[in-house]
Amino acid sequence: MFDYSGKHVFVAGGTSGINLGIAQGFAEAGANVFVMSRSADKVAAAVETLKSAGAEAGGASADVRDHDAVAAALAAAHGSFGDIDVLVSGAAGNFPARANDISSNGFRSVLEIDVLGTHHVMTAAYSLLRKPGASVINISAPQAVVAMTGQAHVCAAKAGVDMITRTLALEWGPEGIRVNSVIPGPIDETEGMRRLAPTPAAMAAVAGSVPMKRIGQKRDVANLCMFLGSDFADYLTGAVIPVDGGWSLNLPGTALDPVLAMLDARKH
Ligand code: NAP
Ligand code: COA
């Protein structure tokens with residue numbers, strides 16, 4: 001087991017799904033955990049969940065597209081728990097749509113949440129990170145490495161996130177800050193999978209295409225993040241690491257075509 005007693009973990013987008021699972025993993029390992037997302041109700045519920053795991057927990061609502069709001073949330077976290085040991089940036093937006101069906105605003109929304117949001121979270125946190133020693137974990141997706149129909153916006157956004165990871169690993173390495181990306185595979189009971197595999201048949205097809213022959217669990221992602229935040233990963237930076245049962249090795253770029261066909265049928 002990892003021991004995060006007394007450590008401060010901040011999770012941007014940490015109020016549901018995979019990111020809340022990551023926050024819970026750290027909370028159960030003894031960390032003080034602060035979560036941030038747009039919805040005040042989701043923040044309150046997530047803080048209750050984390051406290052019931054025995055953790056000291058706090059939260060604030062902010063949109064990652066708003067630099068000042070993100071900075072205020074980080075300042076509140078720093079006021080509560082001190083320098084940040086592990087910073088997770090996981091807020092994201094996704095919907096399946098062919099490029100021709102995405103408006104300028106739709107494309108911009110996803111780019112701004114994922115790419116600009118990651119930039120805001122990292123740069124607003126910079127002065128509050130433990131130096132040396134902090135570990136930054138950006139949550140990416142298989143779309144960063146596999147081109148997929150219906151995902152031009154997400155492919156562009158997550159590839160951008162991973163290049164921020166690599167660039168800031170270079171810039172911040174000398175100060176003892178490590179920066180890595182994690183690529184979750186298909187994770188059970190998440191908003192992402194509800195959007196991209198909206199029927200039992202689609203979920204079954206995904207499960208069948210994973211070399212390990214199972215859908216991932218939130219805990220699978222949390223376990224990798226706890227490793228990345230720990231001293232065991234002390235020489236690991238600038239990496240983009242899948243935790244996906246091998247899915248990205250076997251993922252056809254046309255995986256979403258049945259979902260897109262369903263959307264086409266609804267249009268007519
Ligand atoms: P999710 O539950 O919808 O998680 C997204 C989180 O980000 C929520 O807490 C949401 O809360 C917050 N958020 C969204 N927009 C935000 C904004 N503009 N500002 C601040 N917070 C914002 O989805 P998920 O499926 O678990 O995905 C979590 C992460 O894993 C994402 O980065 C996703 O790309 C990645 N991922 C997911 C899968 C999968 O199988 N689901 C696979 C690969 C990668 P609010 O609504 O309160 O803002
Ligand atoms: N297909 C095409 N365009 C879509 C769409 C879809 N399914 N869903 C939203 N859009 C477009 C909207 O039409 C709008 O463009 P327009 O103004 O030209 O009409 C644009 O995206 C912004 O939508 P809006 O709902 O105003 O944005 P938002 O900032 O409130 O929400 C989203 C951002 C669209 C990404 C929303 O889905 C979201 O909040 N997602 C977070 C949760 C999530 O995606 N979880 C899974 C992570 S893997």
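1. Lys213 is placed in the loop between helix H7 (200-209) and helix H8 (218-229); helices (H or I, at least four residues) and strands (E, at least two) are DSSP runs numbered from the N terminus. Although Lys213 is not a glycine, its phi is positive, about 60°. Lys213 is exposed, with a relative accessible area of 57%; buried denotes under 20%, exposed over 50% and partly exposed the range in between (1.4 Å probe, protein chains only).

2. This is a predicted model, in which local features need pLDDT of at least 70 and side-chain atom pairs count only at pLDDT 80 or more, while totals for chains, interfaces and linings use all residues. Residues are numbered from 1 along each chain as its sequence is written, chains are lettered from A and ligands numbered from 1 in the order in which they are written, and side-chain values use heavy atoms, with hydrogens and water left out.

3. A positive phi, about 50°, is also found at Glu189, which is not a glycine. Glu189 belongs to the loop between strand S6 (178-184) and H6, and Glu189 is exposed at 57% relative accessible area.

4. The peptide bond between Lys131 and Pro132 is cis, with omega about -5°. Pro132 is located in the loop between H4 and S5.

5. Ligand 2 is surrounded by 16 residues, of which Arg65, Asn94, Ser103, Asn105 and Arg195 are the closest; a residue is near when one of its heavy atoms lies within 4 Å. By class, this shell has 4 nonpolar, 7 polar and 5 charged residues (Ala, Val, Leu, Ile, Met, Phe, Trp, Tyr, Cys and Pro count as nonpolar, Asp, Glu, Lys and Arg as charged, and the others, Gly among them, as polar). Helix H4 (104-125) and helix H6 (191-196) each supply at least two shell residues; H4 gives the largest share, 4 residues.

6. Oxygen atoms of ligand 2 lie 2.6 Å from a polar side-chain atom of Ser103, 2.9 Å from a side-chain N or O atom of Asn105 and 2.9 Å from a backbone N or O atom of Asn94. The protein covers 56% of the 940 Å² of accessible area that ligand 2 has on its own (Shrake-Rupley method, 1.4 Å probe).

7. Gln143 sits in the loop between strand S5 (135-139) and helix H5 (152-172) and is buried, at 7% relative accessible area. Its side chain makes a polar contact of 2.7 Å with that of Gln151 (a pair of N or O atoms within 3.5 Å; within protein, one must be able to donate a hydrogen and the other to accept it, and residues adjacent in sequence count only if both atoms are side-chain atoms). Not counting residues up to four places away in sequence, Gln143 touches residues including Asn94 and Leu196 (contact: heavy atoms within 4.5 Å).
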